[in-house]
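Biologist: I am new to this structure. Could you show it to me and take my questions one by one?

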Amino acid sequence: MKILAMDGIRVGLSDKTDGNMKVIDPDDMVQTELSRQRFLGAMGLNNKSTYFVRVSFDTDDFCQFMEADEENGLWLGGKVKRCDGLLTTRKGVGLFLPLADCLGMVLYDKRNAAIMVVHCGRHTVLQDGAYKAVQYMMEAAGTKPEDVLAWLSPSAGKGNYPIYDLGGISLQEAVIEQLMRAGVDEMNTQMSDVDTTTHEHYFSHSQGDKRDRFAIVAVIDESSVK
C-alpha cells in the first residue's frame, strides 16, 4: 500500500498485494476482513473509526452525497446505507472506498477542515458528479472552491475505457473538467497516472477482476489545525 500526505490529511491506497477490499462473495468475507484490518491499521484506523462509501447501481441517482454517520459505518457490513460520496469534518475518521476501474476522488478543504471521498464512475460522471460534489461541500461545510485540494485515484484510462457519451474522453479528463467548472484550481489537483486496465498491481473489473477490489481511505490528521 501507499500512504500519501496532503497538507493535513492522509490518503491510503491499496493494491493487489494488500488483498481484496470488498465483500462480493460471502465466501470471501473472512479473508477480506483480514485484508481490511491490515490496510486500515497501517493508517491508524479500524472498522469502528471508518465509514464506507457503499456504491450500488440499483438507482437512477448516482450523486447521492451525505455526511458520514452511523448509517455508513464500515462495521455494518452489507447493511451500510448506499451513497456515492461521504463528507466529514471529524479528525481521525476514515472514509473508505473500494475500486476496480472507477475513479476515487478525495476533496479536502483545509480552511474548514472538511474532507470528502467520492466514487466517480461512468454513471456519476455522466450526471456531473464531481461538480455536484463540490457544490455539496459548499452547502454542507461552507467550502469555497478555491480552497479545495483534490486527489484522483488510479482508474481506467481512455485507451480501454473511453466515455463515449462525453466524446470519448477519459474519466480523469471528465472529472478535472467538472472540478474546474465548479471553481477548483487545476493547480490544486493531483492525479494518479496509473491506468488500472493495464497496470498489473491494481484490480480491474473490465480486465476480468469481477470479485476483487483495491481501495482508498482518507483521514484528516489529528494534528491538523482548523
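Biologist: Which residue in β2 is the bridge partner of I3?

Modeller: This is a predicted model, where local features need pLDDT of at least 70, side-chain atom pairs count only at pLDDT 80 or more, and totals for chains, interfaces and linings use all residues. Residues are numbered from 1 along each chain as its sequence is written, and side-chain values use heavy atoms, with hydrogens and water left out. Strand β1 (residues 2-5) runs antiparallel to β2, joined by 4 bridges; strands (E, at least two residues) and helices (H or I, at least four) are DSSP runs, numbered from the N terminus, and two strands pair if DSSP finds at least two bridges between them. The β2 partner of I3 is G12.

Biologist: How many of the 5 residues of strand β2 are buried?

Modeller: Buried means under 20% relative accessible area, exposed over 50%, and partly exposed in between (1.4 Å probe, protein chains only). Strand β2 (residues 9-13) is largely enclosed by the rest of the structure, because the buried count among its 5 residues is 4.

Biologist: Over which ring does the charged end of R36 sit?

Modeller: R36 belongs to helix α1 (residues 29-41) and is buried, at 4% relative accessible area. Its contacts (heavy atoms within 4.5 Å) beyond four places in sequence include M21, L74 and F96. A charge sits over a ring if NZ of Lys or CZ of Arg is within 6 Å of the ring centre and within 35 degrees of the ring normal. Here the distance to the centre is 5.5 Å, and the ring is that of F52.

Biologist: How many residues apart in sequence are the parts that Y51 and W75 tie together?

Modeller: Rings of Phe, Tyr and Trp (its six-membered ring) pair if their centres lie within 6.5 Å; planes under 30 degrees apart count as stacked, over 60 as edge-to-face and the rest as tilted. The whole structure has 6 aromatic pairs; Y51 and W75 form an edge-to-face one, 5.5 Å centre to centre with 70 degrees between the planes. Y51 lies in strand β3 (residues 50-52) and W75 in the loop between β4 (65-67) and β5 (85-88), so the sequence separation of the tied parts is 24 residues.

Biologist: Is Y51 buried or exposed?

Modeller: The relative accessible area of Y51 is 2%. W75, at 25%, counts as partly exposed. Y51 is buried.
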